[in-house]
Amino acid sequence: MADPYQTRAYEVRFAYRVLSYLRGNTYNAYLLLAIIAWMRVESGVSYVGNNPLWLKPGTFDASIRLTIKNGYSVYPTLDAAARATARKLLSSDAYRVIVQAARYTPKTGAEGRQGQDFIAA
């Protein structure tokens with residue numbers, strides 16, 4: 001059985017891609033871990049259709065998703081899911097605080113705060 005506290009490479013790649021698509025701070029390990037924590041809260045270590053955040057279909061992912069299964073989008077790859085996640089977050093002012101938390105560059109020594117701000121948002 002896999003260690004539940006071990007960060008997996010696919011989780012890091014997914015978090016990095018979400019931040020890349022958001023034009024966020026990809027250099028902050030705390031922020032990457034915040035996205036991984038979000039992913040684990042949503043799906044644990046299992047999910048269907050490359051959709052670790054259990055996104056429901058919408059106009060933001062219509063051109064990305066393969067199909068819909070049990071009310072959730074199914075994506076061809078985790079990269080497509082990361083792109084859909086960023087599009088969802090960028091699609092509404094309701095998510096503006098989350099996007100801002102992903103984008104700012106914290107002062108040296110305060111990098112952990114960015115991850116906390118992202119989770120709080």
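This is a predicted model: local features need pLDDT of at least 70, side-chain atom pairs count only at pLDDT 80 or more; totals for chains, interfaces and linings use all residues.
Colleague: Where do I begin? Which helices and strands does the protein chain have?

Modeller: Begin with the count. The secondary structure of the protein chain comes to 5 helices and 2 strands. From the N terminus on, the order is α-α-β-β-α-α-α.

Colleague: How does the radius of gyration compare with the globule rule?

Modeller: The radius of gyration of the protein chain is 14 Å, close to the 14 Å that the rule gives for 121 residues, so the chain is as compact as a globular protein of that length. Along the principal axes, its C-alpha atoms fill a box of roughly 45 × 40 × 20 Å.

Colleague: What share of the residues counts as buried?

Modeller: Of the 121 residues, 36% count as buried. Among contacts between residues at least 6 apart in sequence, 53% join residues at least 24 apart.

Colleague: Which residues of helix 3 are buried?

Modeller: First the general idea. An α-helix has 3.6 residues a turn, so residues three or four places apart point the same way. Now the case. In helix 3, the buried residues are Leu-78, Ala-80, Ala-81, Ala-82, Ala-84, Thr-85, Ala-86 and Leu-89.

Colleague: What covers the buried residues of helix 3?

Modeller: The cover includes helix 1, helix 2 and helix 4 (96-103).

Colleague: What happens at the start of helix 3?

Modeller: Look at Thr-77. One of its side-chain oxygens reaches to within 3.4 Å of the backbone nitrogen of Asp-79.

Colleague: Next, loops. Is Thr-26 buried or exposed?

Modeller: Compare the relative accessible area with the cut-off; buried means under 20%. Thr-26 has 13%, so it is buried. Its place is in the loop between helix 1 (9-22) and helix 2 (29-43). Beyond its neighbours within four places in sequence, Thr-26 is in contact with Tyr-16, Leu-19, Ser-20 and Leu-32.

Colleague: And Arg-23, buried or exposed?

Modeller: Arg-23 is exposed, with a relative accessible area of 57%. Arg-23 is also in the loop between helix 1 and helix 2.

Colleague: How many aromatic pairs does the structure hold?

Modeller: The structure holds 2. One of them joins Trp-54 and Tyr-72. Read the distance, then the angle. The centres are 5.1 Å apart and the planes are at 75°, an edge-to-face pair. This pair links distant parts of the chain, 18 residues apart. Trp-54 is in the loop between helix 2 and strand 1 (67-69), and Tyr-72 is in strand 2 (residues 72-74). Trp-54 is partly exposed at 26% relative accessible area. Tyr-72 is partly exposed too, at 25%.

Colleague: Where does the charged end of Arg-17 sit?

Modeller: It sits over the ring of Tyr-21, 4.8 Å from the ring centre.

Colleague: Last, the segment before helix 1. How far apart are Asp-3 and Ala-80?

Modeller: Asp-3 lies in that segment. From Asp-3 to Ala-80 is 77 residues in sequence and 27 Å in space, C-alpha to C-alpha. Asp-3 is partly exposed, with a relative accessible area of 39%.

Terms used
Residues are numbered from 1 along each chain as its sequence is written. Side-chain values use heavy atoms; hydrogens and water are left out. Helices (H or I, at least four residues) and strands (E, at least two) are DSSP runs, numbered from the N terminus. Buried means under 20% relative accessible area, exposed over 50%, partly exposed in between (1.4 Å probe, protein chains only). Contact means heavy atoms within 4.5 Å. A polar contact is a pair of N or O atoms within 3.5 Å; within protein, one must be able to donate a hydrogen and the other to accept it, and residues adjacent in sequence count only if both atoms are side-chain atoms. Rings of Phe, Tyr and Trp (its six-membered ring) pair if their centres lie within 6.5 Å; planes under 30 degrees apart count as stacked, over 60 as edge-to-face and the rest as tilted. A charge sits over a ring if NZ of Lys or CZ of Arg is within 6 Å of the ring centre and within 35 degrees of the ring normal. The radius of gyration is taken over C-alpha atoms; the globule rule is 2.2 Å times the number of residues to the power 0.38.
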